Amino acid sequence: MEFLAEEEPSISEKLDENGFPFLPLSDEDEEVEANLSISSSSESFASDFYRSGTDWSRLTEKSGKNFVQKDLFQMWGLKTDWSRLKEKSGNDLVQKDLFQMWGLKKPEELTTRASSKKRPNDGSQAESKVTKKGNVFGHNRQRVCPFYKKIPGTPFTVDAFSYGPVEGCKAYFLSHFHLDHYGGLSKGWSHGPIYCTHITARLVRMCLSVNPLFIHPLEIDTEYVIEGIKVTMLEANHCPGAALIHLLLGDGRCYLHTGDFRACKLMHSYPLLLNHHVNVLYLDTTYCNPKYTFPSKEDVLDFVVRITRNHLAMQPRTLIIVGAYSIGKEQVYLAISEALGVQIHANASRRRILVSFGWSELSGRLSSQGHLTPLHVVPISSLRFESLDQYLETYKDQFSAVLAFRPTGWTYSESVGSRLDLIKPRSKGKVTIYGVPYSEHSSFLELREFVKFLRPDKIIPTVNIGNAANRDEMHSFFREWLKTKDSELNSHSSNG
DNA sequence: GCGATCAGCT
DNA sequence: CACAGCTGATCGC
């Protein structure tokens, strides 16, 4: 299977100065582009995506400093023996040349696939289509991999598993194990090697039955050379196993893909982030708007523990329930568990997942006996009054009231903001539900601090890019953050 | 019958 | 709003 094995030079001919493929779009000044964004609704969604990636703010140089790195896991509040669980793996990863070179065809041409899926209802339209969710489809409803999931200058994609084989991709990175990122991965995956952290790798194997031969676990804070690119996974402060992906290209370019992350001060001491100027930052912009302000995780955990203690003081027979998705938010029930000295009940499938983290503080606190502990974890979807009433009924011999917490980042309220004391629960009968702003994404201010620390040349947002107004707004924030004067440059630098 | 995927919903 | 799914319907095998 010999393709037109293009050499690097011919590839770079098709890239612009930033390593992005050219598209038939005039790259004009902002005013023209702003008008385009509004008026050109007939353009393909892919080119719209593309334009959003070409007009980022630009900045000058950054000042590099050498800091001492602190314990990476302190942000989890842990002093745990993760090293014990590390699966053996060398840095000498063998790569096979499974796929052709990095494809740079136009989006419409990327959609063709060997096996054509036929749907009875779409015969006429041969153009790309856009769904409400922002997915771009080609001829035969094969999703098109959006540009921001491809890393130019590399044969890499990030979180791009639902597009079939991505042309030219030789390594598929998975930033973390949440459905909207691993979507498309399943037992039959055969499109190429998957790179991710050990925890994520374990979950991919356990939950998705992906052929282990495709899974390549990487140690955090360890440099690997993959396809000639230096790759390092960094703790992302999101869910267990989530990583920032740091890339050093042969030509000196440096990219950082945040996956999903919650920026924090500790990241300012990551040596890689201190020692390498980032050219392009792929940024999790979930809460990139000033209206999203929420407290630190620590403050929210203190709040949750305080509320719990108050309720137990008034009603000792209270069942404490924490809602959670598949993974993430573990600290919420762990904090309660430690404060009260009680076990955590979770169903078998959740226990299996939690145990797989290899987090002994958590594993040791799990219980399969719901009636023996007043602290339960349930799917967040069951945090409704009717469901909780039923749930309480099954434990009526032990408990007579329910206090539930729904931890989510978007329990924001303009008035509440970071004022936890303003949060009011919703109660009905014996059930009380608190929405608490425990977020595993960066707040607006945390994003700003991170970007001002990193001072990348360019920023590519990876979330909320479905409409032009959002993108324009984010890019104007980026420009603002990156245009700070030299006087501010050294304000946070010190000799550590 | 089963796994994968999609629209719609929260 | 939009997190990170969930549910039910449909498709392909």
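Trainee: Fine, but what are the ground rules here?

Mentor: This is a predicted model, where local features need pLDDT of at least 70, side-chain atom pairs count only at pLDDT 80 or more, and totals for chains, interfaces and linings use all residues. Residues are numbered from 1 along each chain as its sequence is written, chains are lettered from A and ligands numbered from 1 in the order in which they are written, and side-chain values use heavy atoms, with hydrogens and water left out.

Trainee: OK. In what order do the strands of the 6-strand sheet run?

Mentor: The order is β8-β9-β10-β11-β12-β20, an open sheet with mixed pairing. Strands here are DSSP E runs of at least two residues, helices are H or I runs of at least four, and both are numbered from the N terminus; two strands pair if DSSP finds at least two bridges between them.

Trainee: Which strands stand at the edges?

Mentor: β8 (223–226) and β20 (458–461), each with a single partner strand, so one side of each has no neighbour in the sheet. On average, neighbouring strands of this sheet are turned by 20° against each other, direction ignored.

Trainee: How many bridges are there between β12 and β20?

Mentor: There are 4, and β12 (residues 280–283) pairs with β20 in the parallel sense. V280 has K458 in β20 as its bridge partner.

Trainee: And which strands does α13 lie across?

Mentor: α13 lies across β11 (254–257), β12 and β20, at about 165° to β12. Angles run from 0 to 180 degrees between N-to-C directions, with axes fitted as lines to C-alpha atoms, for helices over the stretch in contact. Contact means heavy atoms within 4.5 Å.

Trainee: How do α13 and α14 pack, then?

Mentor: α13 (residues 444–454) and α14 (residues 468–482) have axes 9 Å apart and an angle of about 50°. They are therefore oblique to each other, since under 35 degrees counts as roughly parallel, over 145 as roughly antiparallel, 65 to 115 as roughly perpendicular and the rest as oblique. F444, L447, R448, V451 and K452 in α13 meet F477, W481 and L482 in α14.

Trainee: Switching topic: what's the strand order in the 5-strand sheet?

Mentor: That open sheet goes β3-β4-β5-β6-β7, with mixed pairing. Its edge strands are β3 (150–151) and β7 (215–218), each pairing on one side only. Strand β6 (residues 194–197) runs parallel to β7, joined by 4 bridges, and C196 has P217 in β7 as its bridge partner. Helix α6 (residues 198–208) lies across β6 and β7, at about 120° to β6.

Trainee: Now α9. How many of its residues are buried?

Mentor: 8 of the 11 residues in α9 (residues 330–340) are buried, so the helix is largely enclosed by the rest of the structure. Buried means under 20% relative accessible area, exposed over 50%, partly exposed in between (1.4 Å probe, protein chains only). The buried ones are E330, Q331, V332, Y333, L334, A335, I336 and S337. Just after α9, G341 takes a positive phi of about 65°.

Trainee: At what angle do α8 and α9 cross?

Mentor: Roughly 50°, with the axes of α8 (residues 297–314) and α9 coming within 9 Å. α8 and α9 are therefore oblique too.

Trainee: Last one: where does R352 sit?

Mentor: R352 is in helix α10 (residues 348–356), and at 48% relative accessibility R352 counts as partly exposed.
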